[in-house]
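The following paragraphs are meant to be read beside the sequence and the coordinates. They begin with the place where the chains meet and then turn to the individual chains.

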Amino acid sequence: MFKLIGAAIIIIATTWAGFEAAKKLSMRPRQLRQLKVAMQSLEAEIMFGHTPLKEAARKLSKQMAKPLSSFFDTFANRLESGETTVKEAWDDSLKKIWQSLALKQGEFEILSQFGETLGKSDKYHQQKQIMLTMAHLEREETDALDRQGKYEKMMKSLGFLSGLLLIILLM
Amino acid sequence: MGIDVDIIFKIAGVGLVVAFLHTILDQVGKKEYAQWVTLFGFIYILFMVASVVEDLFQKIKSVFLFQ
C-alpha cells in the first residue's frame, strides 16, 4: 500500500518537472514576441508621439502582459524617482524581473545593450537602435521556436518515462 | 520460483522503458544520450541476471561437490 502511494508520488513529481521544463520552452518564444511588440510601441511613442521616456514606459506597462508590464512599471518608477541614469534604471529593473522571465543570457545582453543607448541620442538614432534590437530579438525568436518544436514533446515524455524507470528500479 | 517471476517482470519493465527513452532521444537527435541510457539499462539488467546465475551456480555446486 505504502509502495503504491510512493510510486504515485514519484510519477507525479517527475511528470510535473517534465511539464514545467516544457512550459519554460514554450514561454520563451511568447515572451520574445511580447518584447518585440513592446519595442514597436516604444518606437511609435518616440517617433510619432514624441513622448518622454517615463510616460512611454508607463504606457507600455499598461499595454503589456504580466511579466513585462511589471518590468516597464519598475522602469517608469525608477525614472520618476529621478535619482538614476536611464541605463541604471533599465539595468536594475531588468535584473529585478529576470527571474520570472523564461529568457536566456543572450537576450539579457541584447536588452542591456539596448538600455545603454536608450535616451542618449536624437530620435532617428534611437529608431536605428530599436531596429537593431528588433533584428536581434527576431533571430533569438526563430531559435526559440526551433528549440520549442524540437524539445517540448521530449521534455514531457522524458519526465514521465524517467519516473517510471525510477519506480521499476526501486521496486 | 516466486522471486524468479518477479525478476523477469522487472527486467521486462526496464527494457520497455529504456526502449521508449531510446526512441524519444533518438527522434530529437540526441543520439549519444540515447546510447548512454541503453548502455546503463543493459548494465543494470546484466547485474540482476548475474545474481540469478550466481544462485544457480551455488545450487549446482551444492549438488555435485559434496562438502
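Ten residues of chain A are in contact with eight residues of chain B, two residues being in contact if their C-beta atoms, placed from the backbone, lie within 7 Å. On the chain A side, the residues that touch chain B comprise eight nonpolar, one polar and one charged. In this classification Ala, Val, Leu, Ile, Met, Phe, Trp, Tyr, Cys and Pro count as nonpolar, Asp, Glu, Lys and Arg as charged, and the others, Gly among them, as polar. The model is predicted, so that local features require pLDDT of at least 70 and side-chain atom pairs count only at pLDDT 80 or more, whereas totals for chains, interfaces and linings use all residues. Residues are numbered from 1 along each chain as its sequence is written, while chains are lettered from A and ligands numbered from 1 in the order in which they are written.

Chain A contains six helices and zero strands, where helices (H or I, at least four residues) and strands (E, at least two) are DSSP runs, numbered from the N terminus. Along the principal axes, the C-alpha atoms of chain A fill a box of roughly 70 × 30 × 25 Å. Of the contacts in chain A between residues at least 6 apart in sequence, 68% join residues at least 24 apart. Buried residues make up 25% of the 171 in chain A; a residue is buried if 20 or more other C-beta atoms lie within 10 Å of its own, exposed if 12 or fewer, and partly exposed in between, with C-beta atoms placed from the backbone.

How do the helices of chain A pack? Helix α1 (residues 2-49) of chain A and α2(A) have axes that come within 10 Å and cross at roughly 145°. Axes are lines fitted to C-alpha atoms, for helices over the stretch in contact, and angles run from 0 to 180 degrees between N-to-C directions. The crossing of α1(A) past α2(A) is right-handed; a crossing is left-handed if the near helix is turned anticlockwise from the far one by less than a right angle, and right-handed if clockwise. From α1(A), A:Ala38, A:Ser41, A:Leu42, A:Glu45 and A:Ile46 meet A:Ala56, A:Lys59, A:Leu60 and A:Gln63 in α2(A). This contact of α1(A) with α2(A) is formed by five nonpolar, two polar and two charged residues.

Helix α2 (residues 53-63) of chain A also packs against helix α3 (residues 66-81) of chain A, their axes coming within 8 Å and crossing at roughly 155°. The helices α2(A) and α3(A) are therefore roughly antiparallel to each other, the term applying to angles over 145 degrees. Here α2(A) passes α3(A) in a left-handed crossing. Residues of α2(A) in this contact include A:Leu53, A:Ala57 and A:Leu60, and those of α3(A) include A:Phe72, A:Phe75 and A:Leu79.

Further along, A:Phe114 belongs to helix α5 (residues 105-117) of chain A. A:Phe114 is buried, because 20 other C-beta atoms lie within 10 Å. Leaving aside neighbours within four places in sequence, A:Phe114 is in contact with A:Gln129 and A:Thr133.

Chain B, finally, has two helices and zero strands. Its radius of gyration is 17 Å, whereas a compact globule of 67 residues would have one near 11 Å. Of the 67 residues of chain B, 9% are buried.

Key:
Parallel < 35°, antiparallel > 145°, perpendicular 65-115°, else oblique. Rg over C-alpha atoms; globule rule 2.2 N^0.38 Å.
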